[in-house]
Structure formats: structure tokens, C-alpha cells
Amino acid sequence: STLWLAWGPPFTLKDANQLIEKVCNACPDARSFVLARTREGRPVPGVRIAQVGTAAGQRFSVWIQARQHAWECGSSWVARGFLEWLVSNDPAAELLRRKADIVVIPIVDVDSVEQGQGGKAQIPHDQNRDWTSEPYFPEVRAGMKELSTLAKADQLDLFLDLHNPSYNDRTIFFYIPPLPLRFSERVTNEDNFLKLAQEQMTGPFPYTGKIFPPGDTYDPTVDKTVDCWAAAQSRPHVVSLTLEIPWNVPASTPSGYLKAGAQLGRSIDLYLRASIRSDQGK
């Protein structure tokens, strides 16, 4: 009497809440929070993992969000894989928790997810085109406020926006900021991070180094995506990227996405072992 249809493994608001509860139960340094209430009044849950008793200025800061496009459900599974790895007893995860404050938002466009809509190119525009001076979505406005506060305090080091790409994209790739935002320190750090990702993300979604070529210009009235916005707000050393992981390959399953999330976590740990901070502007 019931027929369910999905183009990927479902991940709903209920799943996000259960994941965050699980993470908070597993890790005493994890705290749940609500980023915002959507236009239809739904909560956008997030989790912040920050080791108690360590001054913020001595730590790195990472922000990871998924699912600005509701139909890209694999990105939420990657976020789940990262979080479950992060609160595990893997020595690399324990080290990352000690040295970094980490925020993860498993679903950004909660309304579209709960309504069963795609979200991409929605009216008046999709969430990844809403990072402007007058955002339409409350969750985008709240994200801008939080990220701006981190950036102004020089407490943002790595920003990642998780997506699934077009149906015919069969390999991992990253979007990188346009040329005017590619400061020398950012390029150095970005190259290091991508090299480590290539070493760690070996399968079931092997990363072979593919990037989407940067644009030649940057105009905030035209380039309204979150990775551009975050790069524009941040210090020259901050890496801001969009990660696209395929949904249309045999590995596009919960177990495949979870493994990719854990491998992403190991990449982040190795990246933050080096000194990446800039003294410029302090």
C-alpha cells in the first residue's frame, strides 16, 4: 500500500537529530545547538565539538555543513561518517578533538528535505546562491553570522560545504575560490589539504586530485555561493572549499559515504598538524 522512491539513501531531520544525540552521548565535549529556525519553523540542528578547558585562541576551528541542496542526500551521510569517526577512539580522531573546535551541520535546507523537494534552483533561488547582504533563508543568515564572528576573531581555519554533483560525475572533486580570493597563503594551504585528501581518500571514492577550475573574477553580487563568501570574509590562510562526492556510482551507499566521511576526517587531522596560521592582519 506504500511505495517509497529515492535516488539515494534517505537522511531526514529525524536522522540528523538522532545522529547529533548519538555524538553528544559518545563525546563529553560535544554540544548540540539549533543554528536557526527555517521559514516554516523547523529547527536546523548542529553539533559543536570543543574540548573543555582549552583557550579558543590556541585551537584551530573547522566548519562543515551539508545538504544546501536537499536532493544531495549523500552529503549528509558523508557528514555522518565524519562525525562518527570524530567521536571514535581512533588516535587521529582523538588528536583532532584536542586541537580543533569543530561545527557540523548535517542538513542545511531542512524544509526542502522534509517536504521531499530537490532544493536546487528553487524559487526565489537555491540556498547556495543566498549568501548575500540580504539572505532569504534564516538558516543562511544564521550561518553567515556565526561564520563572520569566527572569521573576524581569526578563529576559522577550514570551511567545507558538502555536496553531491551531477549524475554523470563519477569521481570526487572540489570547487576552489576564484582567482582574486586566492592569496598565496591560501593557495599553499589549499594545495597541502588537497594533497592529503588525495593520500587519505583512496576508496571507495578515490580522490585523484580533480578540482573545478577557479573563476577569473570575483563579484559578491554575482558569486553568491557559500565557499566564495566564506573565503572573502576570512584571513588569507583560511581554506574554503566545496566537496562533491558522486551519488551515481556503486559505492554511493551508506557504507560508502560513511567511509568517505572518516577519510575526510583523517585528511583534516593531518592538515591541521602543520602550522597554517597567518600573522597578516593581526
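**Entry 1: α2 and α8**

I looked up how helix α2 (residues 74-86) lies against helix α8 (residues 254-271) in this predicted model. Their axes come within 7 Å and cross at roughly 55°. I therefore note α2 and α8 as oblique to each other. The crossing of α2 past α8 is right-handed.

Next I listed the contact residues. From α2 I found Gly74, Trp77, Val78, Arg80, Gly81, Phe82, Glu84 and Trp85. They meet Pro254, Tyr257, Leu258, Gly261, Ala262, Gly265, Arg266, Ile268 and Asp269 in α8. By class, I recorded 9 nonpolar, 4 polar and 4 charged residues in this contact.

**Entry 2: aromatic pairs**

I turned to the rings and got a count of 10 aromatic pairs. I checked two of them.

Phe174 and Tyr207: the ring centres are 5.1 Å apart and the planes stand at 80°, so I logged the pair as edge-to-face. Phe174 sits in strand β6 (residues 173-175), and Tyr207 in the loop between α6 (184-200) and β7 (211-212). The two are 33 residues apart, so I marked the pair as linking distant parts of the chain. Both Phe174 and Tyr207 are buried.

Phe205 and Tyr257: here the centres are 5.5 Å apart and the planes at 10°, so this pair is stacked. Phe205 is in the loop between α6 and β7, while Tyr257 belongs to helix α8, 52 residues apart. Phe205 counts as buried at 3% relative accessibility. Tyr257 is buried too, with a relative accessible area of 1%. Tyr257 is also among the α8 residues that meet α2.

**Entry 3: a cluster**

Last, I noted one aromatic cluster formed by Phe174, Phe193, Tyr207 and Tyr271.

Note on methods. Residues are numbered from 1 along each chain as its sequence is written. This is a predicted model: local features need pLDDT of at least 70, side-chain atom pairs count only at pLDDT 80 or more; totals for chains, interfaces and linings use all residues. Side-chain values use heavy atoms; hydrogens and water are left out. Axes are lines fitted to C-alpha atoms, for helices over the stretch in contact, and angles run from 0 to 180 degrees between N-to-C directions. Helices (H or I, at least four residues) and strands (E, at least two) are DSSP runs, numbered from the N terminus. Angles under 35 degrees count as roughly parallel, over 145 as roughly antiparallel, 65 to 115 as roughly perpendicular and the rest as oblique. A crossing is left-handed if the near helix is turned anticlockwise from the far one by less than a right angle, and right-handed if clockwise. Contact means heavy atoms within 4.5 Å. Ala, Val, Leu, Ile, Met, Phe, Trp, Tyr, Cys and Pro count as nonpolar, Asp, Glu, Lys and Arg as charged, and the others, Gly among them, as polar. Rings of Phe, Tyr and Trp (its six-membered ring) pair if their centres lie within 6.5 Å; planes under 30 degrees apart count as stacked, over 60 as edge-to-face and the rest as tilted. Buried means under 20% relative accessible area, exposed over 50%, partly exposed in between (1.4 Å probe, protein chains only).
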